[in-house]
Structure formats: structure tokens, C-alpha cells
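Thanks, everyone. I will keep this to the charged side chains and who pairs with whom. Here is the sequence with the model.

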Amino acid sequence: MNSVEFSIPGEPCAKGRPRFNRATGHAATPSKTVRYEFLVRLSYMQQIGQSVQLEGPLSAEISAYFTIPKSASKKKRQQMLDGELHPTKKPDTDNLAKIVLDALNGIAYADDKDIVRLNVKKIWSEQPRVDVKISRI
């Protein structure tokens with residue numbers, strides 16, 4: 001197989017920074033990050049299957065679709081749907097990519113170091129989700 005494509009339902013989420021406990025010296029991953037990484041893995045396994053793991057240099061395309069705010073006027077809403085306006089809100093594209101690629105380590109590929117080309121975009125939509133395509137180069 002040369003490529004896989006799948007969708008992660010719901011509002012896109014970014015990788016949270018680990019919190020350090022000064023008393024113990026241990027780092028804790030935020031629970032929101034843990035839950036979203038689980039959702040990424042679950043979505044991959046349900047739509048692609050466990051036995052599919054790509055090898056070699058890989059390309060990743062991540063499209064994050066954000067819900068249009070209810071406060072948007074009809075004109076602005078249409079501009080958002082037509083792609084004339086883009087979401088310049090948090091989360092940052094690099095943090096979106098980080099959570100998806102980290103979650104797929106050992107599942108879609110051996111390690112995210114194999115990703116040598118990355119394209120991330122944020123889009124307004126009626127249906128929030130993250131679409132992921134991973135291809136061999």
C-alpha cells in the first residue's frame with residue numbers, strides 16, 4: 001500500500017505542553033492531549049486497520065476543519081465556506097501536526113522521523129474534523 005487516508009471526527013485539537021511536577025521531577029501529559037491522541041489512533045484503526053504500516057520516506061497532508069462561529073454573518077459565513085477567509089485562530093498548525101503525527105507513531109509508521117514532507121492547512125467547515133493522508137514518496 002502506498003498511501004492511507006482517514007478522518008478524525010470533531011473539533012481539531014493541538015498537542016498540549018507537558019506539565020512538570022517540581023516535587024517529583026516527573027512530566028505529565030495533559031489529559032486533553034491523551035484523549036485526542038487516543039481518538040486519532042482509534043480513528044486510524046477503525047478506518048484503515050491495524051496491520052497497515054507504511055515504510056520509507058513519507059509525506060503527510062493534514063487538513064483541519066474548524067466549526068464556523070455562530071456569530072458569523074451570512075456573508076462572512078459564505079466567504080468562510082468558499083475558502084475566501086481562513087481560520088487564523090488557535091491551535092497553531094505546528095501543534096495540530098504534532099498531536100496527529102505523534103499519535104500515529106508505531107501504528108501508521110515506525111516513527112514520525114519518517115515524515116520528510118508535511119503540509120498542514122486550517123479550513124472553516126460545517127463539519128469539524130481532521131483529514132489525514134500519509135503517502136510513500
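Lysine 98 is partly exposed, with a relative accessible area of 41%. This is a predicted model, so please take the values as computed from it. Lysine 98 forms a salt bridge with aspartate 102, and the closest N and O atoms are 3.2 Å apart. Both sit in helix α3, and because they are four residues apart there, about one helical turn separates them.

Now the other end of that pair. Is aspartate 102 buried or exposed? Its relative accessibility is 18%, and since the cut-off for buried is under 20%, aspartate 102 counts as buried.

Aspartate 102 has a further partner, lysine 15, with the closest N and O atoms 3.1 Å apart. Lysine 15 is partly exposed, at 24% relative accessible area.

Which residues make up the network of salt bridges? They are Lys15, Glu37, Lys98 and Asp102.

Next, another pair. Lysine 113 forms a salt bridge with aspartate 114, the closest N and O atoms being 3.2 Å apart. Lysine 113 is exposed, with a relative accessible area of 62%, whereas aspartate 114 is buried, at 15%.

For the total, the structure holds six salt bridges; the ones I went through include lysine 15 with aspartate 102 and lysine 113 with aspartate 114. That is what I had.

Methods: Residues numbered from 1 in each chain as written. Predicted model: local features only at pLDDT ≥ 70, side-chain atom pairs only at ≥ 80, totals over all residues. Heavy atoms only, no water. Salt bridge = Lys/Arg side-chain N within 4 Å of Asp/Glu carboxyl O. Buried < 20%, exposed > 50% of the residue type's maximum accessible area, 1.4 Å probe, protein only. Helix = DSSP H or I, 4+ residues; strand = E, 2+ residues; numbered from the N terminus.
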